[in-house]
There are 2 protein chains.
Amino acid sequence: MSERFFLATSPRGSAASLTGDEARHLGRVLRAKVGDTVRVFDGSGTEWPARIDAIGRDRVDLAVGPPIAPVEKSGPLLTIAVALPKGDRQKWMVEKLTELAAARLVPLVTSRGVAEATPSAIERLKRSVIEACKQCGRSTLLEIGEPMPLPACVAKKTAGSLGLVANPGGIPIGDVISPSLSRDGVGVLALVGPEGGFTDEELVTAVAAGFTAVSLGPHVLRVETAAIAIASMLAATAPPMLPNR
Amino acid sequence: MSERFFLATSPRGSAASLTGDEARHLGRVLRAKVGDTVRVFDGSGTEWPARIDAIGRDRVDLAVGPPIAPVEKSGPLLTIAVALPKGDRQKWMVEKLTELAAARLVPLVTSRGVAEATPSAIERLKRSVIEACKQCGRSTLLEIGEPMPLPACVAKKTAGSLGLVANPGGIPIGDVISPSLSRDGVGVLALVGPEGGFTDEELVTAVAAGFTAVSLGPHVLRVETAAIAIASMLAATAPPMLPNR
């Protein structure tokens, strides 16, 4: 079975179990049998081959083999802090950020933000991350952080990392990001504001904290488009995928 | 009224009319009155101020003023030829390509393609383009071309332009696209294959015609993600938006 399954809990020795949707999908939808082999991942970057030992109603017990050497290569480590868009656009954004190798998403609390990052919204986003990982062959989850107000977020920028703030009047991002970023292992923290944009005060706070205002093109981008465009720029500098699957 | 309205037919002298959805939206939803002023665009890059002269059931007659000097700046002229994804992903892709300043979308006919570019599908995509233009402040429509088989499409690459074909084993696109592309006015024709990828034969056809295989990141991208990632790369080299609106 070429599909990979997500382990909510990492294996203990050679024992592991699929639970919830993952177990039901394997047992009921795909009608797997005891003795079938599958591949599993726990979101930390490691994958294992596994044999099905028992199939229950909401649980599949597995015997896992030795881990498959992690081959995941990514671009610069990108944390993207975004004033969440509404509804389906949230889910789309998370799917695309997962495919495009972003490391972490932080729901950004801003003056003009519209969508609240409720615990249930965060849960839904985490489920979308797992689905996207399975689909795109990624073994390390896109981490969804706790919602954070802008001043607290900009303070998280570490020395030597690159801070970017999306703003239509900024420098073209193509002039700021160089292909060597990836090879140099520079971390990137990028801020994307809500539909109505950052307030002047928010922009000043970011720039004063060492962030560079960058333009992402000639038009006004939707929130999710801006986030995806930044992730695309950084994925574009990543070494190509190794052919292990 | 800050919203812009789309003219299906360009003004003749100072006379123009909104029809269909645009007329109904202005007349019934926004309850505009004779004498109100609006801004209109015809998708060619020009905008006009206009005064409402008459409001009918499905038609609003306007007196247009002198055109507002076009200020639209874009990056390199990008034609993106894509094996259309299914359902909502098509619409979403077109919205994002419009925001990200792609010039032209060609539905690419490939061996493993799944979605057919029927006339009604094309009509829906054109409507999405207009909606996205209104939303992102773009005055030149993203052109939707006729469906084209891959060999015919690669033959359209002009001398001096850059041909790209998305392929996981290619060179990182960040090493191929330079910020000077935009300043040099180089056209780009990019090919994105279907979910199952291009066949080897299709790849050979593209490479033989002078296309460079480019990787867009470390994971397997969905069709629409690949298309959006390429457009993001090129928008990233565009001069920033001028503050005219």
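## Salt bridges in the predicted model

The side chains of Arg127(A) and Asp21(A) form a salt bridge, with an N to O distance of 4.0 Å; a salt bridge is a side-chain nitrogen of Lys or Arg within 4 Å of a carboxyl oxygen of Asp or Glu. Distant parts of the chain are linked by this pair, as Arg127(A) belongs to helix α3 (residues 119-136) of chain A and Asp21(A) to helix α1 (residues 20-29) of chain A, 106 residues apart. Helices are DSSP runs (H or I, at least four residues), numbered from the N terminus.

This is a predicted model, in which local features need pLDDT of at least 70 and side-chain atom pairs count only at pLDDT 80 or more, while totals for chains, interfaces and linings use all residues. Residues are numbered from 1 along each chain as its sequence is written, chains are lettered from A in the order in which they are written, and side-chain values use heavy atoms, without hydrogens and water.

In chain B, Arg127(B) and Asp21(B) also form a salt bridge, with their closest N and O atoms 4.0 Å apart. A further salt bridge joins Glu47(B) to Arg39(B) at 2.8 Å, N to O.

The table gives relative accessible areas (buried under 20%, exposed over 50%, partly exposed in between; 1.4 Å probe, protein chains only).

| Residue | Relative accessible area | Class |
|---|---|---|
| Arg127(A) | 28% | partly exposed |
| Asp21(A) | 42% | partly exposed |
| Glu47(B) | 4% | buried |
| Arg39(B) | 24% | partly exposed |

A network of salt bridges links Asp21(A), Glu22(A), Arg24(A), Arg28(A), Asp58(A), Arg127(A), Glu131(A) and Lys134(A). Over all chains, the count is 38 salt bridges.

Definitions and conventions:
Helices (H or I, at least four residues) and strands (E, at least two) are DSSP runs, numbered from the N terminus.
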